[in-house]
Amino acid sequence: MTVFHPGHEALHGVTVVVEGSSGRLWVGRYHETTERGVVLHDVAIHDSATVSESRERWIERLRKFGIKVEEPFVLLPAKEAGRITRLTEWRSLAASK
Amino acid sequence: MYNEMMVKPMREEVSRLGVRELRSVAEVDAALGPGEGTVLVFVNSVCGCAAGAARPALSLALRHPVRPQQLLTVFAGQDLDAAARARSYFADYQPSSPSIALLRDGEVVHFVHRHMIEGRGPEAIAADLTAAFDRYCPKQEVA
């Protein structure tokens, strides 16, 4: 992948999926990871407790129709932030096994 | 909004490709209202990373012999009313910029979101666009 922001991480400015230890999926534009956690902009959230759609269907819909922003800025605490994957490359761990 | 002096080269990078810039609601409605034929709408943006790849990608794609009949652009974050009105013609798709919509007879047949542009080179983005042109635009159509 081409890095467009010298001095930043490769994912800076890229829309990613962050898998939360809570079971939530966080989709947003990656800014950075600090000791406080992962910073995302323009974020949509999948929480299986409140969203009936499966994670896979939800991601598929976001890929096709775009991201309906629920939070303009999110700082995910380090204990919540798990695997980080580009939205275009995300596969559920269950599907990839 | 950004200073127009800064934005001008970004506008010109697109308009010199033969893409008509729409800066008012009336211009958007006149161009998109009829809903006929194949139309590409490039939603331009100041974003250095994504738009910096999207504009060259558009340039490469428009060298393809098969192209949409109308080539249009609006500038997100600058011409707010025109951009919002253009987006109303593809309202099922969440706004992002830059982005590219391809419409045929008023229906969206292909959409390139910002997340499909980020981190990719112009050649890869252009290849996706020209594949869509081949699929949806009749070969004799040249803008």
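## A friendly look at chains A and B

From the N terminus on, the elements of chain A run β-β-β-α-β-β-α. This is a predicted model, where local features need pLDDT of at least 70, side-chain atom pairs count only at pLDDT 80 or more, and totals for chains, interfaces and linings use all residues. Residues are numbered from 1 along each chain as its sequence is written, while chains are lettered from A and ligands numbered from 1 in the order in which they are written.

Biologist: How many helices and strands are there in chain A?

Modeller: Helices (H or I, at least four residues) and strands (E, at least two) are DSSP runs, numbered from the N terminus. By that rule, chain A has two helices and five strands.

Biologist: What is the strand order in the open sheet of chain B?

Modeller: Two strands pair if DSSP finds at least two bridges between them. The pairing in this five-strand sheet is mixed, and the order is β1-β3-β2-β4-β5.

Biologist: Which strands of chain B stand at the edges?

Modeller: An edge strand here has a single partner strand, so one side is left without a neighbour in the sheet. Those strands are β1 (20-21) and β5 (107-112) of chain B.

Biologist: In which sense do β2 and β3 of chain B pair?

Modeller: Strand β2 covers residues 38-44 and strand β3 residues 70-75. One bridge joins B:Asn44 to B:Phe75 in β3(B). Over six bridges, the sense is parallel.

Biologist: How many residues of chain A are in contact with chain B?

Modeller: Two residues are in contact if their C-beta atoms, placed from the backbone, lie within 7 Å. Chain B brings 12 residues to these contacts, and the number in chain A is 13.
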